[in-house]
Amino acid sequence: MNVNAACLEHSENSMQSMPRHLACAETWAGNKRTASLVELPGLTAWVHSVPAGPGHAGGDVHYVSVCPSCIVSRIALADVSGHGQAVAVFGEKLRELMQRYLRDLGQIALMRDLNQAVREELGDGHYATMVAVGWHGRRGLVVMTNAGHPPPLWYRASRDEWSWLETQRASERERPAGVPLGLFADVTYDRLVVQTEIRRSDGALQRRRL
């Protein structure tokens, strides 16, 4: 199994590093070994991927994008079964759909189309887990959608606490939801919306207006 993680924090906290800067309408993606700080509008991401074995590429795919208006940024992490050609096919489809939904913060349509693409293009026996996190810089919104991937951790500095970012529990759903991409045709993908807080110059906390 590969190790692939992305840690997010609000860019108001400076980080001592030489990050990769993504401009408006720019993307960065791959499945090769990497340890890189990526700076997006209002967001900083640390992407760390170490493939198992001696190779420099594995089954984990990372994708980071910024919309043309520099408002919506997205980070997606996926783990593809089969590796090899399956990873190349999935990576290309992910790139295509991420470009199509570059401005869409909701991510439900992105996951739905990816699920269909995995079923049609990778065939039986192949699947992919994936988590996508979108950031709306003007509204201060974080939107997370998960397809069978380990849930991300969220750190709230104001409370000094960590918590799992999880969508609706399976027992509360009327049909399969949040399962890995490619397993079922009739699948829904929930989203979790987090309203962030900002700290004013006087030290007080306030919520961004929607």
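The lining of the largest cavity in this structure divides into 6 nonpolar residues, no polar ones and 2 charged ones. Before I go on, please keep in mind that this is a predicted model.

Let me stay with the cavity. The search returns 1 cavity of 30 Å³ or more, and the volume of the largest cavity is about 40 Å³. Which residues line the largest cavity? They are Val-89, Phe-90, Lys-93, Leu-114, Ala-117, Val-118, Glu-121 and Leu-122. Lys-93 and Glu-121 are in that list, and they count as charged because Lys and Glu belong to the charged class. Two helices, H1 (85–100) and H2 (108–122), each provide at least two residues of this lining. Helix H2 contributes the most, with 5 residues.

Next, the cysteines. How many disulfides does a search of the whole structure find? The count is 1. The bond runs between Cys-24 and Cys-70, with the sulfurs 1.8 Å apart. About the S-S bond the angle is -115°, a left-handed link. The two partners come from distant parts of the chain, 46 residues apart. Cys-24 sits in the loop between strand E2 (20–21) and strand E3 (27–32), while Cys-70 sits in the loop between strand E6 (57–66) and strand E7 (72–80).

On accessibility, Cys-24 is partly exposed at 37%. Cys-70 is also in the partly exposed class, at 25%, because that class starts where buried, under 20%, ends.

There is also Cys-67 to account for. The cut-off for a disulfide is 2.5 Å between sulfurs. Cys-67 is buried, with a relative accessibility of 2%.

Last item, the aromatic rings. A search of the whole structure gives 1 aromatic pair. The partners are Tyr-155 and Trp-162, with ring centres 5.0 Å apart and 45° between the planes, a tilted arrangement. Why tilted, rather than stacked or edge-to-face? Stacked requires planes under 30 degrees apart and edge-to-face requires over 60, so the 45° of this pair falls in the remaining class.

Is Trp-162 buried or exposed? Trp-162 is exposed, with a relative accessible area of 57%.

To recap the counts: 1 cavity of 30 Å³ or more, 1 disulfide and 1 aromatic pair. That is what I had for today.

Notes:
Residues are numbered from 1 along each chain as its sequence is written. This is a predicted model: local features need pLDDT of at least 70, side-chain atom pairs count only at pLDDT 80 or more; totals for chains, interfaces and linings use all residues. Side-chain values use heavy atoms; hydrogens and water are left out. Helices (H or I, at least four residues) and strands (E, at least two) are DSSP runs, numbered from the N terminus. Buried means under 20% relative accessible area, exposed over 50%, partly exposed in between (1.4 Å probe, protein chains only). On a 1 Å grid over the protein atoms alone, a cavity is a set of points where a 1.4 Å probe fits but cannot get out, and a pocket is an open set with protein on both sides within 12 Å along at least five of seven lines; lining residues have an atom within 4 Å of a point. Grid points are joined across faces, edges and corners, and a volume is the space filled by probe spheres set on the points. Rings of Phe, Tyr and Trp (its six-membered ring) pair if their centres lie within 6.5 Å; planes under 30 degrees apart count as stacked, over 60 as edge-to-face and the rest as tilted.
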